[in-house]
Structures are given as structure tokens and as C-alpha cells.
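Visitor: Hi! Could you walk me through this structure?
Guide: Happy to, here is the model.
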Amino acid sequence: MRAPISDLPVVLEDVSLQRGVATILDRISLTITPGAPTLLIGPNGSGKTSLLRLCMGLAAPTGGRISWGGRSDPAPTRRAFVFQRPVMLRRTASANVTYALAQAGVPHAHRPGRAVALLERVGLADLAHRPARLLSGGEQQRLALARALARDPELLLLDEPTANLDPAATRAVEEIVTSAAQSGIKIVMASHDLGQVRRLAGEVVFLARGTLCERARASEFLDHPSTPEAQAFLRGDLVI
Amino acid sequence: MPDHLSALQLILSGDPALLAIVRLSLGVSLAAVALASAIGMPFGALLALTHFRGRAVLVVLLNAMMGLPPVVVGLALYLLLSRAGPLGELGILFTPAAMVIAQTVLIVPIIAALTRQTVEDLWVEYRDELRAMNVGAVGRMTTLLWDARFSLLTALLAGFGRAAAEVGAVMIVGGNIDGFTRTMTTTVALETSKGNLPLAMGLGAILIVIVLAINAAAWGTRVWSQRVTG
């Protein structure tokens with residue numbers, strides 16, 4: 001059904017992103033390999049979203065190189081993205097998933113069955129025929145996850161998917177992310193919620209002012225951060 | 001058509017000649033809307049999603065062409081379609097086919113320009129999501145056109161309103177031949193100049209009711225669509 005090509009590892013070499021005179025990301029080198037979830041943390045404006053967009057291929061770096069499974073072609077094959085505010089297509093929940101399946105190259109006959117399974121996986125089976133834009137914020141985020149999983153990704157990038165959600169909806173999203181990680185999907189997720197980092201992270205990548213300050217196992221980072229920026233961030237100081 | 005009847009009597013009695021005029025008018029304008037949508041919507045979407053040198057000029061030109069004077073379109077088509085003209089061989093001058101073409105030319109810019117604006121606005125909203133799903137160029141066009149379907153109704157309405165109301169183009173290329181190419185608007189113009197005001201007023205009233213009814217239906221569709229698609 002699909003060519004046996006892989007998007008992993010994602011390799012960033014000295015990647016920079018300039019916008020006008022502003023430096024959004026400054027010479028970041030990072031290799032993303034299969035394994036436990038990577039949580040991307042840092043204060044607002046530290047470059048988390050930009051770094052995720054570069055990893056997805058939604059933006060091109062102004063300096064340095066990115067490759068996916070050794071290829072420099074940014075067309076996403078085995079990776080998917082969940083936005084902080086996902087855009088629902090003006091169709092039913094089920095049609096949103098079917099659309100993603102179609103774009104991922106799933107043959108027509110297999111789509112209805114796969115759509116049902118995906119909606120069940122995110123707990124939206126009862127709302128399959130509801131117009132997607134009338135779902136609540138938490139339901140829309142779960143539908144966005146179903147659409148992302150429809151791509152059968154090896155790498156799932158999430159940009160603060162629970163930033164606008166209440167605790168119950170946050171838990172539902174975290175459960176889906178955790179089960180995706182357990183099924184072997186590499187998760188890279190931006191977050192500014194340290195509780196979430198504790199719950200989900202295998203490792204942490206800490207950004208401040210567009211530079212990669214620290215990369216460590218989650219427990220190590222949370223208990224013994226090595227850089228002053230990370231120490232200040234964990235103390236709850238304002239890191240600018 | 002008996003001249004001594006009042007406008008209301010004409011409408012209520014279902015005068016066959018009058019009905020034929022209404023039917024032809026609607027047929028020509030609806031055919032023009034269908035044809036213009038088939039051309040204008042893909043063209044508008046393509047213009048919304050592509051970038052090339054001179055695109056801005058094309059957009060301004062297209063917007064300006066929304067105001068094409070019908071008599072100028074009629075005259076240009078008359079020259080093309082007349083016996084001595086380049087398309088004279090077709091022999092369709094003074095037929096309903098020529099009228100459909102004239103109205104299509106008039107409203108393609110309206111539908112294309114409004115489609116471009118609608119699709120371009122929706123693209124801003126959908127861009128990241130569609131790129132993340134690796135949707136190709138054709139897929140982007142069809143997705144945006146489909147998801148903008150209820151907004152595009154407005155473009156169709158604008159086109160229909162323009163086609164149904166114009167008189168200059170159909171008068172010139174249709175010739176206003178009784179029982180063959182006589183539409184509501186050309187009849188109103190003719191009967192008014194003859195002093196047959198009841199018939200002119202009756203047709204005018206029908207024209208307004210039709211335009212109102214179609215707009216009301218479209219409004220209802222929009223309200224309903226907002227409820228069911230969000």
C-alpha cells in the first residue's frame with residue numbers, strides 16, 4: 001500500500017530561522033529518532049512552534065539543513081501534525097477522517113472501516129455524523145488526532161494541543177497521545193505545562209530565545225536542570 | 001397577447017405567451033449561470049492559489065470586468081457572430097444560444113472574481129492543515145471549492161441577478177424576436193416604448209418576484225448550512 005520509506009530519523013544540522021531582522025531559531029542541531037516521547041518546552045516565544053513547523057516541513061530554514069530519513073524533500077509521508085488550534089473541514093467528523101485517509105493514499109474501499117476504527121480510538125464514534133465545526137474544543141482536538149493518526153505516521157508532531165482545553169479534555173488528549181506512543185509512534189510535542197511534561201515525557205528539549213539550551217531525560221531535567229535558564233524556568237521565574 | 005388586460009389579470013390568467021417569455025428568460029439566465037460557474041469557479045480558485053508575475057494585474061482586471069457594460073458585450077458578440085464575422089459560420093446570431101453566450105461572458109468575471117476572493121480567504125485558514133496532510137494542487141482547489149460551497153452560492157446569485165436583469169446584451173444578440181428570443185427584460189423595454197404599460201408592469205413584477213424568491217432560497221440555504229456545518 002505504501003512505499004517502505006521512512007521519515008525517521010529527522011536530522012537538523014545548524015538550523016536557523018530568521019524573520020526579517022529577528023532570529024527565531026539560532027543554529028539548532030537535533031536528531032529525532034524512534035523512542036519515548038520528546039517534549040519541547042520553553043517560555044512563549046522561545047521558538048517551539050517554529051521548530052515543530054520546521055520538523056514538519058511547513059517552513060524552510062534560512063540556514064542549516066534538515067533531512068527526513070536521509071531525504072531532504074520536505075513532502076510529509078509518514079509524519080503528521082496536530083496544531084494548537086486545528087482547522088476542521090466544513091464536513092462531518094467522519095468525513096474529516098475519511099478526507100485524511102484519502103490524502104494518505106488509503107484505497108477508497110478501506111476508508112469507511114478505517115474511519116470508524118480511528119473515531120473509536122479517539123472516543124468520537126458517537127459523534128461521527130456531527131458537523132466537525134460544531135464539536136467542542138476538546139472534541140475537535142481529538143478529531144485532529146484521529147486525522148493525524150489516519151496518516152499512519154511514524155512521527156507525530158503536536159503543538160501545545162491541550163493549551164486551550166479543560167482538565168478532562170486534556171486528559172483525553174494525553175491518553176490518546178500515550179497510546180499512540182505505546183503503539184510505536186514517535187511523539188514530539190510542545191508544551192509549557194510542567195505537569196504534562198512529568199506525565200508524558202521520555203526526554204525533554206528545552207528552548208530559550210531560539211536556542212537549544214538543554215536536552216535530557218525527563219526525570220533528570222525536572223530534578224536537576226543543568227542550565228541557569230532551565231533552572232529559572234522550572235522555578236517559575238519569568239524567562240525571557 | 002391581448003393588450004387590454006391589466007398586469008394582474010395577465011399574471012393570474014397564466015397567459016401562454018407570457019409564460020413562454022418567462023420560461024425563455026429563466027432558461028437562458030440559468031444556462032448562463034451554469035456555464036459561467038463551470039468556467040469561473042475553477043478559474044477563480046486557480047487564480048487564488050497560484051502566484052506568478054502579473055497576477056495582481058489579472059486580479060484587478062477581473063474585478064474591473066465585473067462591471068462590463070452589457071451593450072458592449074452584446075456588440076462585440078454581434079460582430080463575432082454576424083454572417084461576416086469570424087464565428088458567422090455557426091449561424092447562431094438571433095438565437096437563444098447567442099443569448100446564453102452573451103450572458104455567460106457578462107457573468108464569468110463576477111463568478112470568477114467572487115470565487116477568487118472566497119477561496120483565497122479560506123486558503124489562509126486551511127493552508128497549514130492541508131499542507132500537513134500533503135494535499136496536492138488539484139486537491140487543494142477541489143477541497144476549498146467544496147468547503148466554500150455555501151459562500152459560493154452568493155457568487156452564483158450575483159451572477160444570476162446580473163444575467164436575469166440585463167437587457168442590452170440579449171437585445172443585441174437575440175434580436176428580441178417575438179416567440180423566439182423575447183425575454184422579460186426585452187419585452188418590458190419594447191412594451192414600455194409602445195405604451196403597453198400593463199404588460200410591462202406585469203413582467204416587471206414577475207421578474208422582481210423571481211429574483212426575490214431565488215435570493216430568499218439562497219438565504220435560507222445559508223442559514224441552514226451554518227446550522228449544520230458550523
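Visitor: What should I know before we start?
Guide: This is a predicted model, where local features need pLDDT of at least 70, side-chain atom pairs count only at pLDDT 80 or more, and totals for chains, interfaces and linings use all residues. Residues are numbered from 1 along each chain as its sequence is written, while chains are lettered from A and ligands numbered from 1 in the order in which they are written.

Visitor: What secondary structure does chain A have?
Guide: Chain A has eight helices and nine strands; helices (H or I, at least four residues) and strands (E, at least two) are DSSP runs, numbered from the N terminus. The radius of gyration of chain A, taken over C-alpha atoms, is 18 Å, close to the 18 Å from the globule rule (2.2 Å times the number of residues to the power 0.38) for 240 residues, so chain A is as compact as a globular protein of that length.

Visitor: And how many helices and strands in chain B?
Guide: Chain B has ten helices and zero strands. Its C-alpha trace spans about 70 × 50 × 25 Å along the principal axes.

Visitor: How many bridges link strand 1 and strand 4 of chain A?
Guide: Strand 1 (residues 10–19) and strand 4 of chain A pair over five bridges. Glu13(A) stands opposite Arg65(A) in strand 4 of chain A.

Visitor: Last topic: how many residues does each chain give to the contact?
Guide: Chain A gives 16 residues and chain B gives 14 residues; two residues are in contact if their C-beta atoms, placed from the backbone, lie within 7 Å.

Visitor: Which elements of chain A give two or more residues to that side?
Guide: They are strand 5 (79–82) and helix 2 (93–103) of chain A.

Methods: Two strands pair if DSSP finds at least two bridges between them.
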